[in-house]
Amino acid sequence: MERRFFTPFFFSKLFKWSASLLAMAALIVLLLPFAIQFGIEKALQQQGAGQVSIANVDFNPFRGRLQIDGLEIYSPSADTTTTASPVLRIQQAQADLGWLNLVKKRLLLQNVTLTNASVDIQQNDPRSLVIAGLFFPLGQSAETEESDGTTWTAGIQALNFSNLTLRLLRPGQAIDETTYRIEKLTLNDLYMWDAGSGRLILNSHLNQALVNSHFRLQLFSVAPKIIGTVRFQDLELDELPYLNDASQNPELKLKGQLSADVTFTAELNEAGLTIDQQGEFTLKQTQLSLPPYQIDGDSIRWSGSLRFEQLKSQADSASVKLEGQLDLKQFALQDTQQSLSLHHSLQAALKLEAALSPQTTEVQQQGTITLIAPHFELASLSSQANKVTWQGALHYLSDETSAHTLQAKGRLSAEQAQLNDQANGLQLTQNITNNVDLNLTLDAGSLKLTQNGLLKVQNLNLLQPPFQVALNELEWNGSLSLDQQTTLAVELQGAIGMQGLTTSNHEKQMELASLNTLKIKQLNVKQAADCLQANLNQLSLNQIRLASQTKAPFIELGHVSLDQAALRNLNEFKIGNLKLAQGETSLTVNQEGKIVQLENLLANLQTSEPAANEPSAPETNSTEQPADTTTPSQEQAAAALTFSVNSITLTQPHQIRINSERFTQPIQKNLELKTLKFGSLNSRKPDADTPYEIHLVADEFSKIHSEGTVQPLNPELTAHLSTQIEGLNLVDFSPLSAQFIGYEIDSGQLSANLKTDLDRNQIDAENDLLLNKLKLKAANKDKSQQFEQGLSMPIDAALSLLRDKQDNIKLKLPIKGDISNPDFRLDDVINKALAGAMQKATKTYLLLALQPFGAIALAGDFLTQQAGAIQLQSVEFAAGKTVLNSKMTQYLGKVATMLQERKGVQIKVCGAANQVDRLALLGVQSQSASQDKNKTSQKDGQAQLPTVADEQLLQLADARAVAIKRYLLDQGVKTGQVILCQPRLSQEARSAPKVALGI
């Protein structure tokens with residue numbers, strides 16, 4: 001009989017086992033949630049958690065769903081009988097597992113949700129965290145588990161978190177609590193076995209700041225890639241725990257509100273890593289304190305893009321590209337240790353590229369950078385501007401040799417830039433524009449710099465009391481080269497232009513000097529080792545004014561040009577051909593004989609007197625060694641400044657206005673300098689002759705021309721001058737004449753030929769003067785008498801004798817003397833020379849006019865109280881007689897002719913008698929007595945002898961003078977021209993009696 005296996009007994013047994021298994025499975029399913037709950041609680045407690053409670057655990061093994069409700073974890077130290085809060089609370093957590101994917105070694109979370117959860121994270125020390133009561137060490141590597149050779153992958157189909165709160169607690173720290181609240185977090189379709197992209201959305205708050213993001217994730221493709229946006233708003237930096245970590249840097253304090261709205265892409269492909277970012281960052285109310293530094297900013301804003309690349313082939317290299325707009329508002333930096341502060345706002349359009357590697361760093365930047373209202377202070381020095389702008393390109397490169405290269409090309413400008421130096425009372429204001437083409441190279445032992453381009457400075461104002469310098473515009477167009485190795489080498493080449501330069505005494509409101517325009521066509525400066533060379537070509541100056549006041553300036557030049565100049569080592573200066581055109585000079589001489597304009601200029605060039613309470617210089621101790629007064633060495637002498645000038649020429653007339661207030665009546669003269677020429681000058685040859693020529697026109701009609709040679713650099717004056725004066729009006733010099741000789745000039749004109757030789761301070765001048773229609777009148781009796789003491793007669797008489805028929809006077813005026821003698825005074829020398837010339841001229845005239853009766857001698861006293869009067873030949877009379885003989889009448893006829901021709905000449909006649917006359921009269925009386933005996937009287941028997949009294953002789957002398965005057969008047973002479981003196985007696989007993997004539 002066939003045996004059967006599937007008997008009823010078998011099925012009965014199978015049913016029982018199956019039922020038992022099912023019952024056991026059902027029991028397991030019923031008990032599994034409790035087992036999971038118990039396992040979770042025990043596991044958490046074993047990890048250090050305190051009390052753990054779970055309201056409910058639901059697990060569906062068929063759907064792979066696990067749900068946990070009401071999970072709470074308390075700190076081990078918490079007292080649950082009180083109102084202590086749990087360190088972890090989850091209202092509901094749910095996860096759906098895809099069981100079928102486990103066959104493929106895939107762990108798939110189909111749906112994970114976490115709702116209404118909170119987690120406390122506590123950090124008591126830098127080395128560990130306590131998360132939900134569980135201890136986690138920091139900075140330690142996890143143990144590596146050995147692989148069993150299988151590879152598992154994971155994936156998330158849907159992950160949803162809502163209302164999740166994370167609290168970071170840091171007891172004892174400045175930021176002791178930080179809260180991160182996630183309102184919503186979703187992660188979809190992220191699989192390790194799929195190259196497709198997942199999506200992550202996050203809506204959250206960090207403390208009170210909004211933090212949102214949205215990402216597309218391609219983490220498991222051949223080229224992993226993340227694309228996303230991040231947005232956060234008003235994130236308080238002082239609430240971020242690790243940015244204000246007292247344990248790391250207790251002095252660091254950071255405040256500010258950070259906001260961002262950015263989009264970025266990060267991709268890792270076969271070539272390498274690439275990150276692209278676009279968006280905007282804003283940081284408000286920034287404060288960073290890290291003593292001694294303090295940084296404050298009202299707003300910092302960046303809007304633009306960033307690209308970062310790192311190639312696999314060059315893992316240690318990277319490149320960065322940055323393009324966008326950077327704005328800083330009210331940025332401030334302070335260094336309390338150095339007394340330094342910097343304030344400004346900034347606007348920058350950046351286009352930056354950087355290549356970074358261990359060997360080289362290369363950075364290129366293009367765009368516009370603007371500093372608004374920058375203000376810099378360092379101790380007593382401060383600088384500020386309305387705006388500073390850079391527009392152009394920068395290129396920086398450093399290589400493995402530690403060489404640094406910077407190239408800049410663009411335009412740099414500064415508006416109302418100011419520099420203040422309170423220590424020196426200096427204030428500088430200017431506008432600057434600079435076209436930059438700069439190359440700078442730095443290495444360990446050298447520096448090289450080249451700059452080409454245009455530098456323009458406008459509206460420059462420099463104030464250092466009491467002086468002020470104002471400049472409308474300064475322009476430099478050229479190149480600069482610096483080379484610093486063992487020594488510094490500098491080379492400068494280019495052109496300079498300047499407009500509107502004014503220097504003044506700010507306190508006294510006086511302009512010292514001004515210049516309208518300056519141009520230098522070519523300037524070359526070279527400095528190498530100890531040698532300095534500077535050369536310029538074609539210097540042009542226009543409208544130069546010196547000491548300008550409300551009236552005319554002291555000196556004004558219309559145009560000055562110089563063809564070339566050279567400077568060597570600051571001690572050798574060579575000037576080419578200097579040309580002056582047009583201009584005006586005003587000279588006012590005060591009563592002290594000083595030039596007012598020059599005195600004012602010198603006075604305004606001096607700084608203010610020191611305050612009375614300022615400390616004076618310490619007294620010198622008498623025991624100290626005296627100062628070194630030794631003569632400079634030859635080397636010092638060789639280092640003294642030397643200079644040379646090729647020529648100085650006036651190409652157009654120059655006006656000179658002279659106003660002398662030294663006299664009672666001012667003297668005003670207008671001169672026109674038509675010609676001015678000077679030849680070469682050389683300070684190394686002070687005794688070399690310099691040819692010159694000067695042509696002046698005074699008041700349109702008078703001409704002065706002088707030429708010859710001078711030695712202006714010779715300390716002992718040496719010159720050879722030839723000067724011609726034509727038609728100079730002397731009336732204008734009447735106050736000068738009254739001052740020196742006591743006579744005013746009523747009329748007159750001067751022409752002269754002056755030959756002057758100066759040889760080592762010795763003057764020898766021969767001056768031929770021609771005076772036309774000269775008329776004088778007394779103005780100062782004391783001065784005129786003092787002057788006439790040097791004459792042989794009154795000046796009126798002398799001038800009358802000198803005048804020819806055309807009323808002209810010719811004089812030779814020699815001047816000699818040692819001008820280095822302290823007693824030498826030019827006015828005294830001229831007065832003496834003039835007196836001597838007039839005396840000589842009058843004597844010469846009289847000798848010629850009265851010949852052959854020309855015997856003329858000076859009498860010390862001619863009974864006229866006139867010292868040095870001219871005594872003419874006396875008129876001889878017979879003894880005791882008053883009748884003129886024929887010879888004397890001939891002589892007196894010539895005197896009468898001279899007096900008729902010179903109406904201004906007066907002659908003095910002083911009658912005289914002597915002992916010869918007395919004897920003659922006695923003889924006459926004796927003869928009369930012998931003829932008339934009856935008249936002889938006797939007394940006591942003796943005859944009375946005849947006598948001649950002095951009164952009788954004086955009568956004789958007076959009668960002789962009257963006879964001479966009568967004869968002269970009969971010849972046509974005016975009675976006012978013949979003056980009679982007191983008669984006199986002479987003891988002369990041998991010569992014939994004589995009557996003296998004098999002028």
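Two strands are taken to pair if DSSP finds at least two bridges between them. In this predicted model, strand β28 (residues 572–581) and strand β30 (residues 642–650) meet that criterion, being joined by eight bridges and running parallel. The chain holds ten helices and 48 strands.

**Chain overview**

- Of the 999 residues in the chain, 36% are buried.
- Among contacts in the chain with a separation of 6 or more, 57% are between residues 24 or more positions apart.

**Strand pairing around β30**

- Strand β30 takes part in the parallel pairing with β28, and within that strand S644 is the bridge partner of K574.
- Strand β33 (residues 681–682) pairs with β30 in the antiparallel sense, over two bridges.
- S644 also has a bridge partner in β33, namely N682.
- Strand β32 (residues 667–678) is a further antiparallel partner of β30, with three bridges between them.
- L650 is placed opposite L676 of β32.

**Packing of helices α8 and α10**

- Helix α8 (residues 886–901) packs against helix α10 (residues 950–970) at an angle of about 55°, and the two axes lie 9 Å apart.
- Because angles under 35 degrees count as roughly parallel and those from 65 to 115 as roughly perpendicular, α8 and α10 are classed as oblique to each other.
- The two helices, α8 and α10, cross in the right-handed sense.
- On the α8 side, the contact is made by T889, L892, G893, V895 and A896, and these meet I964, Y967 and L968 of α10.
- Sorted by class, the residues in this contact comprise six nonpolar and two polar ones, with no charged residues.

**The setting of F663**

- Leaving aside residues up to four places away in sequence, F663 touches P735, L736 and Q739.
- V589 is 74 residues from F663 in sequence, while the C-alpha atoms of the two residues are 9.7 Å apart in space.

How values were computed:
Residues are numbered from 1 along each chain as its sequence is written. This is a predicted model: local features need pLDDT of at least 70, side-chain atom pairs count only at pLDDT 80 or more; totals for chains, interfaces and linings use all residues. Side-chain values use heavy atoms; hydrogens and water are left out. Helices (H or I, at least four residues) and strands (E, at least two) are DSSP runs, numbered from the N terminus. Axes are lines fitted to C-alpha atoms, for helices over the stretch in contact, and angles run from 0 to 180 degrees between N-to-C directions. Angles under 35 degrees count as roughly parallel, over 145 as roughly antiparallel, 65 to 115 as roughly perpendicular and the rest as oblique. A crossing is left-handed if the near helix is turned anticlockwise from the far one by less than a right angle, and right-handed if clockwise. Contact means heavy atoms within 4.5 Å. Ala, Val, Leu, Ile, Met, Phe, Trp, Tyr, Cys and Pro count as nonpolar, Asp, Glu, Lys and Arg as charged, and the others, Gly among them, as polar. Buried means under 20% relative accessible area, exposed over 50%, partly exposed in between (1.4 Å probe, protein chains only).
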